Amino acid sequence: MKMLPGSQASWLNALRMIALAVLAASLSGCGTRPEPELAVRTVIEQAESGAEARDVGAVMDLVSDDYSDAAGRDRRALRALVRGYFVVNPQIELLLQIGSVEFPESNRARVRLRATSIGRTQLDAQAWQLDLVEESGEWRLLRAERFRE
């Protein structure tokens, strides 16, 4: 076995310690539930990715069966709206900026965000309030409403 000079050996040992620390940290997270805010932010990122991919199923998987909004839409009507939006918009690019995430109840989240849709010739920005509910350990969209900032 070849011995490394002192500085190389200490560098290699430091690298091993860092690798072990990263491995230990990642293993300690296995099986634990992520913080609620992180989980909610992750769902919003998944919705953004699904919309940009124009994947109706991916978007609707994130919507509660109990969805309703002020326009009178339920989950089925929202699916039709999403499908129509994807047909009309062959390319979708979104920029979502989360303003706040609050938890009025342990299984409910309220998110205020600004959604900017970047089209070929226009930039459309709208403020939204999203209400999410935790169902069987998964966060799902329960209600979405535009509001004035």
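The side chains of S64 and E135 are joined by a polar contact of 2.6 Å; such a contact is a pair of N or O atoms within 3.5 Å, and within protein one must be able to donate a hydrogen and the other to accept it, while residues adjacent in sequence count only if both atoms are side-chain atoms. The model is a predicted one, in which local features need pLDDT of at least 70 and side-chain atom pairs count only at pLDDT 80 or more, whereas totals for chains, interfaces and linings use all residues. Residues are numbered from 1 along each chain as its sequence is written, and side-chain values use heavy atoms, with hydrogens and water left out.

S64 sits in the loop between α3 (56–60) and α4 (75–88); helices (H or I, at least four residues) and strands (E, at least two) are DSSP runs numbered from the N terminus. Not counting residues up to four places away in sequence, S64 touches R75, V133, E135, R140, L141 and L142, where contact means heavy atoms within 4.5 Å. The loop between α3 and α4 also holds D69. A polar atom of the D69 side chain lies 3.0 Å from the backbone nitrogen of A71. With residues up to four places away in sequence left out, D69 touches R143 and A144.

The table gives burial classes; buried means under 20% relative accessible area, exposed over 50%, and partly exposed in between (1.4 Å probe, protein chains only).

| Residue | Relative accessibility | Class |
|---|---|---|
| S64 | 0% | buried |
| D69 | 8% | buried |
| I118 | 32% | partly exposed |
| Q46 | 40% | partly exposed |

Q46 belongs to helix α2 (residues 36–52). Its C-alpha atom is separated by 7.8 Å from that of V59, 13 residues apart along the chain. Helix α2 has 17 residues and reaches 24 Å from its first C-alpha to its last, close to the 24 Å expected at 1.5 Å a residue; the expected span is 1.5 Å times one less than the number of residues. The buried residues of α2 are A39, V40, V43, I44, E48, G50 and A51. An α-helix has 3.6 residues a turn, so residues three or four places apart point the same way. The cover over the buried residues of α2 includes α3, α4, β1 (94–105), β2, β3 (123–135) and β4 (138–147). Just after α2, R54 takes a positive phi of about 55 degrees.

I118 is found in strand β2 (residues 108–118).
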